[in-house]
Amino acid sequence: MQDATLPRPALLGIDLGTTNSLIAVWQDGRAQLIPNALGDVLTPSVVSLDEDDSILVGKAARARLTTHPERTVAAFKRFMGSDKRLELGGRSFSPEELSALVIGSLKQDAEAFLGHPVQEAVISVPAYFSDEQRKRTLFAAELAGLTVSRLINEPTAAAMAYGLHEQKFERTLIFDLGGGTFDVTVLEYALPLIEVHASTGDNFLGGEDFTEALLQACLKDWQLTPAQIDAQGMASLGDALEQFKCKLADGTQSLSWRHEDRSYAWTLDEALALKIWEPLLARLRAPIEQALRDARLKPRDLDSLVLVGGATRMPAVQQMVATLFGRLPYRHLDPDTIVALGAATQAACKARDGAIEELILTDVCPYTLGISTSRGEQVSGAFSPIIERNTVIPTSRVQQFYTTHPHQAFIRIAVYQGERPWVRDNIFIDSFDVPLTPSEQIQSLDVRFSYDINGLLEVDVTLLASGERHSHSIDRSPTGLDAQSRQASHERLTALKIHPRDALPNRTLLARLERAWMQSLGDERERIADWLDTFTAVLGGQQPTEIASHRTQLNKALDQLRL
Ligand code: AMP
């Protein structure tokens with residue numbers, strides 16, 4: 001029973017994106033986005049180490065990607081679940097530690113907005129995230145001091161927000177192309193039921209790859225190799241190309257870039273962009289075809305098509321989708337914010353908030369899970385599926401297996417995920433040994449996989465002769481997130497100094513001015529140097545109203561220069 005005198009826990013949803021992250025709250029019967037210290041709802045998923053060794057997250061950090069690339073990291077979600085460490089001013093961090101810093105910053109924004117501490121949130125993950133990637137996301141939240149009440153698949157979160165908004169859809173395909181991941185989900189609305197039929201995707205394909213392809217193409221045209229350019233030069237070119245890509249929707253664009261006293265120019269029109277991106281556009285097709293096949297639908301059977309994720313703003317992507325489906329996609333809701341709003345909607349459903357009790361969601365496991373087995377005497381390493389992809393979750397499936405020879409002392413259960421017939425081509429998840437009482441006989445055993453609503457797996461093995469049962473939750477990964485490394489992460493983050501939230505608007509403007517100075521030349525550069533000096537002097541005066549008015553003016557002036 002809940003104590004009526006305590007405030008109800010806030011119903012929060014977090015979209016932890018490769019490029020940007022957002023937090024939303026369910027309040028007054030609807031999902032609302034929470035602004036950060038700068039008043040923006042999008043917080044860039046970028047972390048930087050300031051000169052005073054304090055951590056900066058968000059827009060200030062993003063500006064420093066260009067000016068201080070060796071002290072700044074972005075797009076670390078791409079490495080979630082791997083052993084990769086990212087360098088930040090001589091210190092090294094895991095992707096989940098960096099994600100924890102982003103979640104921590106969103107948590108602070110929510111606390112400032114709501115006026116009380118928050119403990120719990122629904123967090124969205126790409127539908128195609130593996131068991132390990134989901135676990136690392138849970139750990140990132142734990143490091144930030146948040147309990148995850150549920151992990152929700154990003155396209156499913158978008159579907160929830162759309163479901164509330166547009167009640168007329170039936171069979172829908174959600175095409176979700178973010179900064180680093182691609183998900184396709186086919187679902188059916190029979191409100192209050194939202195039923196996911198199939199989910200597929202590619203964890204290594206997103207808008208960042210389109211920017212990278214442009215980078216490779218222009219370097220080739222300029223006959224330069226990345227090795228000839230220093231880190232700051234690469235960062236400024238990457239930044240310029242990112243902005244260039246986002247402006248392509250307005251027609252042919254020209255890029256100019258200076259490096260070591262030489263100027264480089266590059267012009268790109270729609271036809272050339274399509275040629276450069278052709279291999280990436282082709283990779284988008286396979287998951288779409290598979291999702292439709294698994295849902296047993298043809299493109300014409302769909303009632304609607306919804307685009308989610310910032311990279312669906314690219315005309316080339318919209319055209320590809322329109323051609324493939326022979327219709328225009330639906331994108332009335334903002335593709336950048338829809339996932340966070342859906343995650344907060346899910347938090348409300350979970351808490352059975354009066355305004356939303358109605359909506360019921362069923363999701364699927366997007367990939368096949370199974371174990372390594374032998375076929376006959378000779379052939380080992382075959383993949384035996386236990387839960388097939390696109391099975392409705394939560395689910396529990398069991399299959400019987402046999403020992404391969406008499407007097408066997410143990411049996412190794414090696415769990416894999418994937419769609420290929422040999423385990424060597426699939427993703428290894430975990431393995432453990434079950435001891436046997438050696439016997440003359442071939443022994444039989446049941447292997448049960450239970451996959452929960454958060455996409456996490458548990459394995460039970462029962463030896464049929466004795467009834468002996470061995471349970472194993474897959475929590476110790478092959479890459480080794482053991483208790484010791486968890487503790488080390490906690491200690492590393494506790495020791496960090498986080499830049500004060502109140503000081504962020506000024507710090508962000510300074511970082512932005514520094515970047516603008518670097519990106520400009522001649523008169524424009526002089527003007528920016530003046531602004532930088534003036535703002536530094538105003539900050540020294542410590543007059544809050546004067547600082548705020550200069551800040552507004554200078555941010556506006558930089559907006560006008562598109563810097
Ligand atoms: P998300 O992870 O959903 O925030 O998507 C981020 C990706 O969307 C990044 O790769 C951005 O470059 C890309 N993006 C955002 N806006 C645009 C735009 N107007 N045109 C092209 N790509 C965009």
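Visitor: Why does Asp425 count as partly exposed?

Guide: This is a predicted model, by the way. Asp425 has 33% relative accessibility, and partly exposed covers what lies between under 20% (buried) and over 50% (exposed). So Asp425 lands in the middle class.

Visitor: What makes Asp425 and Arg420 a salt bridge?

Guide: Their side chains meet at 4.0 Å, N to O, and the cut-off is within 4 Å. Arg420, at 45% relative accessibility, is partly exposed as well.

Visitor: Which class does Arg512 belong to, buried or exposed?

Guide: Arg512 has a relative accessible area of 9%. Buried means under 20%, so Arg512 is buried. Its salt-bridge partner is Asp559, at 2.7 Å, N to O. Asp559 has 48% relative accessibility, so it counts as partly exposed.

Visitor: Why do you say that Asp559 and Arg512 tie parts together?

Guide: Look at where they sit: Asp559 is in helix α13 (residues 544-560) and Arg512 in helix α11 (residues 504-519). The two parts are 47 residues apart in sequence, so the pair links them.

Visitor: What makes Asp53 and Arg91 a salt bridge?

Guide: Again it's the distance: 3.3 Å, N to O, between the side chains, against a limit of 4 Å. Asp53 lies in the loop between β5 (46-49) and β6 (54-57), and Arg91 in strand β9 (residues 91-93), so this pair ties together parts 38 residues apart in sequence. Asp53 has 34% relative accessibility and Arg91 31%, so each is called partly exposed.

Visitor: How many salt bridges are there in the structure?

Guide: The structure holds 30.

Visitor: Which elements give two or more residues to the shell around the ligand?

Guide: Those are α5 (207-221) and α6 (231-247). Of the elements, α6 gives the most, with three residues. In total, 14 residues surround the ligand: three nonpolar, seven polar and four charged.

Technical notes. Residues are numbered from 1 along each chain as its sequence is written. This is a predicted model: local features need pLDDT of at least 70, side-chain atom pairs count only at pLDDT 80 or more; totals for chains, interfaces and linings use all residues. Side-chain values use heavy atoms; hydrogens and water are left out. A residue is near a molecule or strand if one of its heavy atoms lies within 4 Å of it. Helices (H or I, at least four residues) and strands (E, at least two) are DSSP runs, numbered from the N terminus. Ala, Val, Leu, Ile, Met, Phe, Trp, Tyr, Cys and Pro count as nonpolar, Asp, Glu, Lys and Arg as charged, and the others, Gly among them, as polar. Buried means under 20% relative accessible area, exposed over 50%, partly exposed in between (1.4 Å probe, protein chains only).
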